[in-house]
Amino acid sequence: MLINIDKLQNYFSWSIVTTNKTLSNSCFMFILGLETSCDETAAAVLRADKNHPAILSNIVSSQIKLHAKWGGVVPNLAAREHLKNVRPVITAALKGANVSAKDIDLIAVTQGPGLIPALLVGTTAAKTLAYLWQKPLIGIHHIEGHIYANFISDEIGVISNGPFPASHEIQRSQLKNSKKASLKFPLLCLVVSGGHTQLIFMKKHLTYEIIGETLDDAAGEAFDKTARVLGLGYPGGPAIAATAANFQLPISNFRTNSNDKISKNKTEYNFVLPRPMISSKDFNFSFSGLKTAVLYAVKKNESLLKDKNFVTAMSREFQQAAIDVLVRKTIRAAKKYNPQTILLAGGVSANTELRRQLGEAIEKELKNVSYVMPRTDYSIDNAAMIATAAFYRYKFAKNKKTFGENWQKLKTEADLKLSSQNL
Ligand code: KG4
Ligand code: ZN
C-alpha cells in the first residue's frame, strides 16, 4: 500500500525525529506496540533491559458500543474508528510511559491476521512513525501476541536504573499482587479467541507447532453467535459468561424431603448439548454444531427467549459444553506431548469458568505441569502483548544490528500464517 507521507505527517502532527540512539548501542530499549486487528485500538510502551521487559503503559480504546448495535464487528466502521483513535491512543501510551518519540527504539505492530480495513490503520500508522522517527519496525502475528501475553511482566521494579516518575510508581503499586509465573519449556498453549481456536506446542521461544485447531467456528465466534441467538447482544463471550453465572441447579437435581423448601427461582430447564469431537483422537475442535443446537432449541419455541430461566440455563450449558471440549482436548494433548507448562491465551481466556476448570483439571491429572494464564485485561486484544512478542523476537534475533524491517516492505495480511522464527 502506498502511503502519502506528507498527509499522514500532518495527521500525526509529529515531526521527523533524529536520534543517535540505535537498537544495539542502548542499554535499555523501549518498544512501542500497536494493535488494530479487530475492534480495539491499542498502544503500549514496553521498557526492557537485557532480560526484564516491563509494560509502562497499556492503552486500549474499545469500540464495543459502536458495534453492539450491529450485533458484531463491522469492518469499515472499525477502520473509521481506528483512524479516529489511533493517534490519541499512541499519544496517551507515550505520555503514560513518560517517554517521547526519540526514546522509542522499535515499533511493533500487528501485521495480521484480522480484518484488513482495521489492520491497515495500525500498520499504516506504524509505517508512518517508523519513517518519521527513523525507527526499525516489526510486524507481529496476532496469535503470537496472544501467546506472549503470558510473558508480560509489569514488575517495573526489576529494572534497576531508576528513578521512576510518579506515574510508574502508581502503576507498580497497583500491580503489587501480580504473580510471577513459571514458564518452562516445552509449552502447550490453548489459544481461544474470536478468530482462532488452536492447540500450539512450543519446544522453545518463537517456535510453533499447531497440533490441533477448529475445523469451523472459533470458540469466541461460537460464544458470539450463540449469544446472538439467545438475544444477549455483543460481545457474546462476556454476556454468556455473566448470564451463565446466574444459573441455579434445576429443580429435578435437588433431593427433597418434606422439610425442604424449593426456591421458586431454581430453573426447570436441564439441557444437554453435544460436546463436539470430545472423543476424537486428534486435537481438532468443532463449535458450529453447538450454536446450531441452541438455534434449533430456540426455533422450536421462540417464546422461550422471553423466559429468563431458559436463557440462563442455555447459556450455562453452552458454556459448559465448550469448556468440557477445550479442557479435555488440552489435557489429552498434554498427556501426549508432555509440556512443562500449559498456557491459556486469547479473548476467551478471560472466561472465569474456563480459567478455573482448566486449572482444576491440570492439577488433578497432570502432576508437575504448571499452568499460566494472562491477566484478564491482557487476555483480550491489547498492544502490550504485541510489544512483548516483539521484545522476545529482538532478544532471540541472530543479528540485532539489522533487526526490524524497512517500513516500505512490511505487508499487511488478513490471513497471515503463524510461522516459527529461525533461531
Ligand atoms: O482475542 P480477542 O479479544 O479478539 C480476537 O482476536 O478475536 O477475542 C475476542 C473474543 C470474542 O469472541 C469474545 O466474545 C470472547 O473473546 N470473550 C469471551 C470472554 N471475554 C471475551 N468469551 C468467553 N468468556 C469471556 N469472559
Ligand atoms: Zn485477539
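Modeller: A residue counts as buried when its relative accessible area is under 20%, and as exposed when that area is over 50%. Keep in mind that this is a predicted model.

Biologist: Is His142 buried or exposed?

Modeller: The cut-off for buried is under 20% relative accessible area. His142 has 6% relative accessibility, so His142 counts as buried.

Biologist: Which residues are the protein donors of the zinc ion (ligand 2)?

Modeller: The donor atoms lie 2.0 to 2.1 Å from the zinc ion. In sequence the donor residues follow the spacing H-x3-H-x234-D. The protein donors are His142 (NE2), His146 (NE2) and Asp381 (OD).

Biologist: How many helical turns separate His142 and His146?

Modeller: His146 counts as buried because its relative accessibility is 1%. Both histidines belong to helix H5 (residues 142-148). They are four residues apart there, so the separation is about one helical turn.

Biologist: In what order do the five strands of the open sheet stand?

Modeller: Strands of a sheet pair through backbone hydrogen bonds, either parallel or antiparallel. Here the pairing is mixed, and the order is E3-E2-E1-E4-E5.

Biologist: Which strands stand at the edges?

Modeller: An edge strand here has a single partner strand, so one side of it is left without a neighbour in the sheet. From one strand to the next, the twist averages 20°. The edge strands are E3 (53-62) and E5 (137-141).

Biologist: In which sense do E4 and E5 pair?

Modeller: Two of the residue pairs between them can be named. Ala108 has Ile138 in E5 as its bridge partner, and Thr110 has Ile140. Strand E4 (residues 106-112) and E5 are joined over five bridges, and the sense is parallel.

Biologist: Which helix lies across E1, E4 and E5?

Modeller: Helix H3 (residues 75-97) lies across strand E1 (29-35), strand E2 (40-48) and E3, at about 25° to E2. The helix asked for runs at about 155° to E4, and it is H4 (residues 116-133).

Biologist: Which element gives the most to the largest nonpolar core?

Modeller: The largest nonpolar core has 46 residues, and Leu199 is one of those with the most contacts inside it. Leaving aside neighbours within four places in sequence, Leu199 is in contact with residues including Leu190, Phe285 and Ala333. Elements that give two or more residues to the core include strand E6 (187-192), strand E7 (197-202) and helix H10 (308-337). The most, 14 residues, comes from H10.

Biologist: Over which residues does pLDDT stay under 50, with 31 contacts beyond four places in sequence?

Modeller: The protein averages a pLDDT of 87, and 83% of the residues score at least 70. Where pLDDT is low, the predicted coordinates should not be read in detail. Residues 255-264 also have a pLDDT below 50, but that stretch has four contacts beyond near neighbours in sequence. The stretch with 31 such contacts is residues 156-180.

Definitions and conventions. Residues numbered from 1 in each chain as written. Chains lettered and ligands numbered in written order. Predicted model: local features only at pLDDT ≥ 70, side-chain atom pairs only at ≥ 80, totals over all residues. Heavy atoms only, no water. Pairing = 2+ DSSP bridges. Axes fitted to C-alpha atoms, helices over the stretch in contact; angles between N-to-C directions. Contact = heavy atoms within 4.5 Å. Donors = N, O, S within 2.8 Å, 3.2 Å for Na, K, Ca; no water. Buried < 20%, exposed > 50% of the residue type's maximum accessible area, 1.4 Å probe, protein only. Core = buried A, V, L, I, M, F, W, Y, C linked by side-chain atoms within 4.5 Å. pLDDT = per-residue confidence, 0-100.
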